[in-house]
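Reader: I've just opened this one and I'd like to learn how to read it. Could you walk me through it, one feature at a time?

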Amino acid sequence: MSESAPEIRASDTDRDRVAKLLQEHFAQGRLDNDEFSTRLESAYRARTIGELDPLTRDLPERDLTENRHAAEGRAVRKGRRGGGAASERSTQAGDLLKDPALLIPWGLWAGVNAVCFSVWAILYLTGTTEGYPWFLWVLVPWGMIMLLITLALLFTQTGSGRADGD
């Protein structure tokens with residue numbers, strides 16, 4: 001059975017696939033509300049593949065911005081001279097260090113330790129405590145764990161640090 005034959009009966013899977021595509025294009029702003037509703041109703045009423053094809057014919061199969069970003073990435077990689085794999089690894093490392101999955105825990109670590117140090121400093125300056133730096137019990141172990149996690153992620157994301165071919 002060929003999907004290109006318009007007289008072939010459409011299955012529920014075919015209708016759902018077209019409905020999903022229409023939803024994606026609606027979410028990306030390619031279809032307004034009325035046009036989306038009309039096409040969606042037509043998709044679920046369609047009996048043949050030939051009735052489904054016109055509903056998405058004027059819409060791109062992939063997001064056009066993804067194609068543009070992929071082309072820009074290839075152009076940037078081609079434009080690098082002498083950087084090679086090491087330059088690409090440093091770009092990956094820079095992207096990883098900007099990742100909220102790492103920035104948020106590091107921000108929490110910094111915030112909690114700033115509060116702990118401030119409490120310790122106030123107590124020390126007012127003479128309430130003898131000056132034992134208890135805040136280090138929070139700062140150092142947590143910081144070491146965060147550092148190990150960050151280094152492990154950098155190591156796994158960028159490879160072993162060796163250039164290709166070594």
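Reader: Which helix has the lowest mean pLDDT, and which the highest?

Author: Among the elements of the protein chain, H4, covering residues 64–79, has the lowest mean at 58, while H6 has the highest at 92. For the chain as a whole the mean pLDDT is 80, with 73% of residues reaching 70 or more.

Reader: Where does pLDDT stay under 50?

Author: Over residues 161–166, and the model has five contacts beyond four places in sequence for that stretch. Here's the general idea: where pLDDT is low, the predicted coordinates should not be read in detail.

Reader: Okay, on to the fold. How many helices and strands are there?

Author: The protein chain has seven helices and zero strands. Written from the N terminus on, the order of elements is α-α-α-α-α-α-α.

Reader: And what do the contacts say about how the chain comes together?

Author: Take contacts between residues at least 6 apart in sequence: 62% of these join residues at least 24 apart. As for burial, 22% of the 166 residues are buried. The accessible surface comes to about 12,000 Å², and 59% of that belongs to carbon and sulfur atoms.

Reader: Which residues of H6 are buried?

Author: Leu102, Trp109, Asn113, Cys116, Trp120 and Ala121.

Reader: I clicked on valine 112. Is that one buried, exposed or partly exposed?

Author: Buried needs under 20% relative accessible area and exposed needs over 50%. Valine 112 has 34% relative accessibility, so it counts as partly exposed. This valine is in H6, which runs over residues 100–125. Leaving out residues up to four places away in sequence, valine 112 touches Val138 and Trp142. The C-alpha atoms of valine 112 and phenylalanine 135 are 9.8 Å apart, and the two residues are 23 residues apart along the chain.

Reader: Let's look at a loop, then. Where is threonine 48, and what is it in contact with?

Author: Threonine 48 is in the loop between H2 (33–45) and H3 (49–56). Its relative accessible area is 15%, so threonine 48 is buried. Apart from neighbours within four places in sequence, threonine 48 is in contact with Pro6, Glu7, Ile8, Arg9 and Ala10.

Reader: Now charges. How do I read those?

Author: The idea is that side chains of opposite charge can pair when their charged atoms come close. A search of the whole structure finds three salt bridges. One of them joins the side chains of arginine 15 and aspartate 12, at 2.9 Å from N to O. Both residues lie in helix H1 (residues 12–27), three residues apart, about one turn of the helix. Arginine 15 counts as buried at 13% relative accessibility, whereas aspartate 12 counts as exposed at 54%.

Reader: And which residues are joined into one network?

Author: Let's build up to that. Arginine 39 and glutamate 35 meet in a salt bridge through their side chains, 2.9 Å from N to O. They are about one helical turn from each other, because they sit four residues apart in H2. Glutamate 35 is partly exposed at 31% relative accessibility, and arginine 39 is buried, with 11% relative accessible area. Arginine 39 also forms a salt bridge with aspartate 58, whose closest N and O atoms are 2.9 Å apart. This pair links distant parts of the chain: aspartate 58 is in the loop between H3 and H4, arginine 39 is in H2, and they are 19 residues apart. Aspartate 58 counts as exposed, at 53% relative accessibility. Through shared partners, the salt bridges join Glu35, Arg39 and Asp58 into one network.

How values were computed
Residues are numbered from 1 along each chain as its sequence is written. Side-chain values use heavy atoms; hydrogens and water are left out. Helices (H or I, at least four residues) and strands (E, at least two) are DSSP runs, numbered from the N terminus. Buried means under 20% relative accessible area, exposed over 50%, partly exposed in between (1.4 Å probe, protein chains only). Contact means heavy atoms within 4.5 Å. pLDDT is the predictor's confidence in each residue, from 0 to 100. Accessible areas come from the Shrake-Rupley method with a 1.4 Å probe; for residues, only the protein chains shown count as cover. A salt bridge is a side-chain nitrogen of Lys or Arg within 4 Å of a carboxyl oxygen of Asp or Glu.
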